[in-house]
Amino acid sequence: MLKELSSSKFLMPAMAILAVLATSAGFYISLKQAQQSQQGGSTIEGLFWPNPKQINEFSVLDQDGNDFGIKQMKGKWSFIFFGYSHCPDVCPVTMSVMADSYKELVGDNKDLQVIFASVDPERDTTEKLSQYVNYFNPDFIGLGGNIEMINSLTGQIGVAYYLNNENQTEDYLVDHSASIFLIDPLGRMVGKLSPPHEKNKIIQQFTKIKNFINEQS
Amino acid sequence: MNKVNLFLLTTFIFQSLFLNSVFAKEIFEVDISEAWISEAPPTVSVLAGYAKIHNASDRPITLLTVSSPNFSKIEIHRSVLNGDMVSMEKQDSLEIPARSTIMLSPGDLHLMLFDPVKPLRSGDTATLNFSFSDGHNKTIEAKVERRSSEDHSHHHH
């Protein structure tokens, strides 16, 4: 018997059947996973689900010098982008796309807020932030403060930034996240919109994610 | 071939060679178009400049510097996305390969314009002087415009 099994006559078809079975099983499992993740909504681009990160307390200042924390995010949908006002290209490109997206979205979404969070505490004073965000839309919120305050927010969202000011010049550049983060009214980070940012893409992604989150509750 | 014909032919060849060398010095085959400067929010002292640079010649030409009476300093930068992080990389120079076009466009290569001499608002113009490796200079006027969300996909003009 053993001798017969090990002969190529038997072994080859047996291996072939095994291979087919393994492949089918693998295919079945991945199909099942795909179905499950579809039910879980993972097919929506940029959606963090299940288990979105709960944003906890942080303490920064808004463009009028008022305290701003998780309390000011509860009950609202928030877009948040990290940048700095001395950034001539990516930040104003992103903010003008956000301004155009906001204009179209705000009619049906009164609970929407757009936040520009500065990662350049030295140069972005409250006064500067106020004029900066107001240029794009008077409704926009500008967040800043000292470095500990800023770190309390970047820590909660989980973004890194890097100040290239080792030469102590005034014209230093800052490396920062290029994504726009989406926080739901319960203070959960439910999505991340990746660059390149385009108005229609932002509107579509936001609408899909919002509808999905509303269906869950 | 008689003598007259030979003379004419030689003259013709000589002339074309001579004229060619003269024209090669006169014609600078780099064209800069669609130049614009994005209006910056008030209190912001750095602006971005964009343009299309076309090199119609058979050899690569390098853009060395850009200067302007309207700004204290101009640098060539590229916005680079590394994973989720974006940073700006200063370019010491910019090579435009033979017979090709380089776009300075939002989110990519751009001019970083420092400290405008006086505030620039949409509708203003600024002078930009491009200096190239072969000794040529090109001076153009760039219009200041407010950004729109369409900047990514198409260009003004």
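B:Ser87 touches A:Asp175 in the other chain, and within chain B its contacts are B:Arg78, B:Ser79 and B:Val80, leaving out residues up to four places away in sequence. Keep in mind that this is a predicted model. B:Ser87 sits in strand 5 of chain B, residues 85-91. Its relative accessibility is 17%, so B:Ser87 counts as buried, the cut-off being under 20%.

Next, B:Thr43. This residue is in the chain B loop between strand 1 (30-38) and strand 2 (46-55). Apart from neighbours within four places in sequence, B:Thr43 is in contact with A:Lys128 and A:Gln131. B:Thr43 is partly exposed, at 34% relative accessible area. Its C-alpha is separated by 9.2 Å from that of B:Pro119, which is 76 residues apart from it along the chain.

Now the backbone. Most residues other than glycine have a negative phi, and most peptide bonds are trans. B:Arg99 lies in the loop between strand 6 (94-96) and strand 7 (100-104) of chain B, and is exposed, at 58%. B:Asp115 also has a positive phi, of about 45°. B:Asp115 belongs to strand 8 of chain B, residues 109-116, and is partly exposed at 35% relative accessibility.

Chain A has cis peptide bonds to look at. One joins A:Trp49 and A:Pro50, with omega about 0°; A:Pro50 is in the loop between helix 2 (8-39) and strand 1 (53-54). Another runs from A:Pro195 to A:Pro196, omega near 0°, and A:Pro196 is in the loop between strand 10 (188-193) and helix 6 (199-216).

Notes:
Residues are numbered from 1 along each chain as its sequence is written. Chains are lettered from A and ligands numbered from 1 in the order in which they are written. This is a predicted model: local features need pLDDT of at least 70, side-chain atom pairs count only at pLDDT 80 or more; totals for chains, interfaces and linings use all residues. Side-chain values use heavy atoms; hydrogens and water are left out. Helices (H or I, at least four residues) and strands (E, at least two) are DSSP runs, numbered from the N terminus. Buried means under 20% relative accessible area, exposed over 50%, partly exposed in between (1.4 Å probe, protein chains only). Contact means heavy atoms within 4.5 Å.
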